[in-house]
Amino acid sequence: MINLWVAERYGSRKGALLTYWYRILSLFGWYRAFRKIDWGRVDRIVFVCKGNVCRSPYAEAVAKSLHIDALSCGIDTVNGKPANTRAISTALRNNIDLSSHMAQVINDLDIGRNDLVIAMEPWHIRYLRKNKCADCQYTLLGLWGKAGLPYIHDPYGLSQEYFNRCFDFIDRSVRNLVVGMRDKATS
């Protein structure tokens, strides 16, 4: 019973532990700086996850459905890999089509100062700052969700219930980010 609840809510025990660990760090202010965005300098949004087959392509597609210039990529992936089949079916539930998505490796992209790089997990930002773009603006997508969670556990290979929950959270987080972005642009 408890294992099923954990699997549906957090994906796995590891997902639950990491969610709470990063939430504690967030309560102590570790991720406060990632909510401070210079929106006037943002020309494009770049969503990043590990494999670019679930979380980041879905976030990109949601942003594009809201008329935002966005792309997605992965830190540890293979160019041209299609979206995960469960990601495709879960996205369709929300009228988002990932069937033509092809993964992109972040090292093959030109990421610059006017890009807002949005990661799914804190380690993504540490990696990117060190290896890709030191002067980019970074944020964590989950910080823009209702719960303000800095960590979104990878749904790859996990239950349909967790995929639904994860994609619903990503959807709300992207929409909140876009509202904040548009509010700042008009003020």
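R172 is found in helix α6, which covers residues 160-186. Helices here are DSSP runs of H or I with at least four residues, strands are runs of E with at least two, and both are numbered from the N terminus. Before going on: this is a predicted model, where local features need pLDDT of at least 70, side-chain atom pairs count only at pLDDT 80 or more, and totals for chains, interfaces and linings use all residues. Residues are numbered from 1 along each chain as its sequence is written, and side-chain values use heavy atoms, with hydrogens and water left out.

Back to R172. Is R172 buried, exposed or partly exposed? R172 is partly exposed, because its relative accessible area is 43%; buried means under 20%, exposed means over 50%, and partly exposed is in between, with a 1.4 Å probe and protein chains only.

Now the strand β1 and what follows it. F47 sits in strand β1 and counts as buried, because its relative accessible area is 0%. F47 and F169 are 122 residues apart in sequence, and their C-alpha atoms are 15 Å apart in space.

The loop between β1 and α3 (55-65) holds N52. N52 is buried as well, because its relative accessible area is 0%. Which side chain does the side chain of N52 contact? The partner is the side chain of S72, in a polar contact of 2.9 Å. A polar contact is a pair of N or O atoms within 3.5 Å; within protein, one must be able to donate a hydrogen and the other to accept it, and residues adjacent in sequence count only if both atoms are side-chain atoms.

Next, helix α3. How many of the eleven residues of α3 are buried? Nine are, and α3 is mostly covered. Among the buried residues are R55, Y58 and E60. After α3 comes H67, with a positive phi near 65°.

Last, helix α4, residues 85-93, where A87, I88, T90 and A91 are buried. Its N-terminal end is capped by N84, with a side-chain oxygen 2.8 Å from the backbone nitrogen of R86. N95 follows α4, and its phi is positive, near 60°.

One more residue, from a loop. W30 lies between α2 (13-27) and β1 (44-49). W30 counts as exposed, because its relative accessibility is 58%.
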